[in-house]
Amino acid sequence: MPNILLVAPWFSEVQTHCVQCFLDLPGARVGVLTQEAPDRVPPAIAARLAACERVADAGRSEQLVAAAEKVRAQWGRIDRFEGYLEMLQVPIAEARDALGVDGMGAEVARNFRDKNRMKDVLRQAGVPVARQALVRDLGDARAFAAAVGYPIVLKPLAGFGARNTQRATDEASLAQALAALQPTAEQPAQAEEFVQGEEHTFESVVIDGEVVWSSTTAYVPRPLQVLENAWMQYALILPREPLPPHAQAFAATNQKALAALGVRHGLTHMEWFLRDDGSFVVSEVGARPPGANIMPLLRAAHGADPWAAWAQLMVERRWQFPARRFAAGTVFLRAKDGGPTVRGVQGTAAMQRALGPALVAMKLPQPGQPRSTHYEGDGFVLVHHPRTEGVVQALRTVLDTVSIR
């Protein structure tokens with residue numbers, strides 16, 4: 001019987017489903033460390049948990065260790081210590097080290113969480129990455145811009161995805177970006193050269209250091225463009241072929257990057273650029289399941305739950321996932337007007353009629369809710385089709401018919 005301890009700070013829809021997938025593993029004994037009060041744990045989960053300990057801050061490894069030691073005193077041992085949230089990867093890894101639990105250790109976790117360190121590791125391994133530097137003030141940022149030329153990108157050192165990413169095109173926008181990020185000597189920001197090209201993701205399953213499964217998606221348009229233009233809608237396409245030719249050509253670079261960063265087991269998420277000249281640039285890598293609706297896209301394309309496959313991977317070190325049957329895509333709907341709240345959604349009935357069986361799921365905002373400032377927007381529509389071209393057409397239908405005001 002494997003003894004599995006999960007870190008679930010709160011019970012969102014995805015987090016709840018994730019815990020359920022571990023509970024469904026044959027013979028598993030599962031416990032949870034959470035910031036939630038006992039009455040906030042979903043009853044269906046609470047009834048099946050073998051342990052549930054509350055921590056004040058799941059981001060502090062010493063609290064995770066103290067709570068885990070209470071569970072270990074009851075169970076005798078802990079075989080796996082897991083959690084999928086990006087900001088918890090280092091504290092969970094530090095707790096693994098302190099408890100002697102097999103899995104990704106803190107030194108490897110820091111290769112993924114500290115983006116400047118990540119780029120240094122990749123560059124030393126010969127993996128193509130954008131030029132970057134730590135900036136602590138306007139002087140550092142000006143020096144970097146002078147060295148690489150505008151535009152440049154600035155982001156938090158421990159960021160993920162495009163959250164809080166800023167693009168500076170001149171002295172004025174550089175000052176604005178630094179005002180938003182507020183770097184200091186103790187908490188610097190990361191500056192990078194702006195890479196031109198198509199932006200893609202590359203998801204991989206690694207077992208014993210070897211990539212055993214991969215998939216790719218395409219961002220349309222780039223997330224940073226969406227953040228800078230409130231009117232833009234944002235789509236993600238998962239092609240019918242898991243690795244089209246451009247992704248097959250990139251696969252060796254992906255393997256080299258993951259080996260350099262130290263991945264032994266897990267599901268990884270990489271963001272990378274395909275330049276117009278056919279060359280590659282690795283942007284960021286996460287040692288965790290992907291966001292941006294990629295897990296639902298995989299479910300729609302494969303007819304199986306990738307969260308359940310991930311749970312099995314992390315516990316049993318094996319990957320069982322069926323072949324792809326569909327292409328899939330998602331549109332993140334963003335309100336087109338400048339107001340602070342959602343007033344209404346138009347065109348959903350026409351969209352449903354036009355899409356028919358291609359429509360997999362949709363989540364729409366309620367009138368009166370605050371407008372989202374995130375690039376994933378105020379709602380989404382998810383589609384699939386036997387052909388990639390069919391998904392592209394379905395996404396165009398969504399964009400042409402649905403409007404959030």
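**Sheet packing and aromatic pairs**

Trainee: At what angle to strand 6 does helix 8 (residues 171-181) run?

Mentor: Helices (H or I, at least four residues) and strands (E, at least two) are DSSP runs, numbered from the N terminus. Axes are lines fitted to C-alpha atoms, for helices over the stretch in contact (heavy atoms within 4.5 Å), and angles run from 0 to 180 degrees between N-to-C directions. Helix 8 lies across strand 5, strand 6, strand 7 and strand 8. Its angle to strand 6 is about 10 degrees.

Trainee: What kind of model is this, and which atoms do side-chain values use?

Mentor: This is a predicted model, in which local features need pLDDT of at least 70 and side-chain atom pairs 80 or more, while totals for chains, interfaces and linings use all residues. Residues are numbered from 1 along each chain as its sequence is written, and side-chain values leave out hydrogens and water, using heavy atoms.

Trainee: Why is one side of strand 5 and of strand 7 left without a neighbour in the sheet?

Mentor: The open sheet has four strands in the order 5-8-6-7, paired antiparallel; a pair needs at least two DSSP bridges. Strand 5 (132-135) and strand 7 (166-168) stand at the edges, so each has a single partner strand.

Trainee: What is the average twist from one strand to the next, and which helix packs on the sheet?

Mentor: From strand to strand the twist averages 30 degrees. The helix touching strand 5, strand 6 and strand 8 runs at about 165 degrees to strand 5. It spans residues 138-148 and is helix 7.

Trainee: Which residue in strand 8 is the bridge partner of Lys 155?

Mentor: Strand 6 (residues 152-156) and strand 8 (residues 189-193) run antiparallel, joined by five bridges. Lys 155 bridges to Gln 190.

Trainee: How many residues apart are Tyr 219 and Tyr 234, which form an aromatic pair?

Mentor: Rings of Phe, Tyr and Trp (its six-membered ring) pair with centres within 6.5 Å; planes under 30 degrees apart count as stacked, over 60 as edge-to-face and the rest as tilted. Among the twelve aromatic pairs found, Tyr 219 and Tyr 234 are stacked, with 5.9 Å between centres and 20 degrees between planes. Tyr 219 is in strand 10 (residues 210-220) and Tyr 234 in strand 11 (residues 234-238), a separation of 15 residues.

Trainee: Is Tyr 234 buried or exposed?

Mentor: Buried means under 20% relative accessible area, exposed over 50%, and partly exposed in between (1.4 Å probe, protein chains only). Tyr 234 has 0%, so the class is buried.
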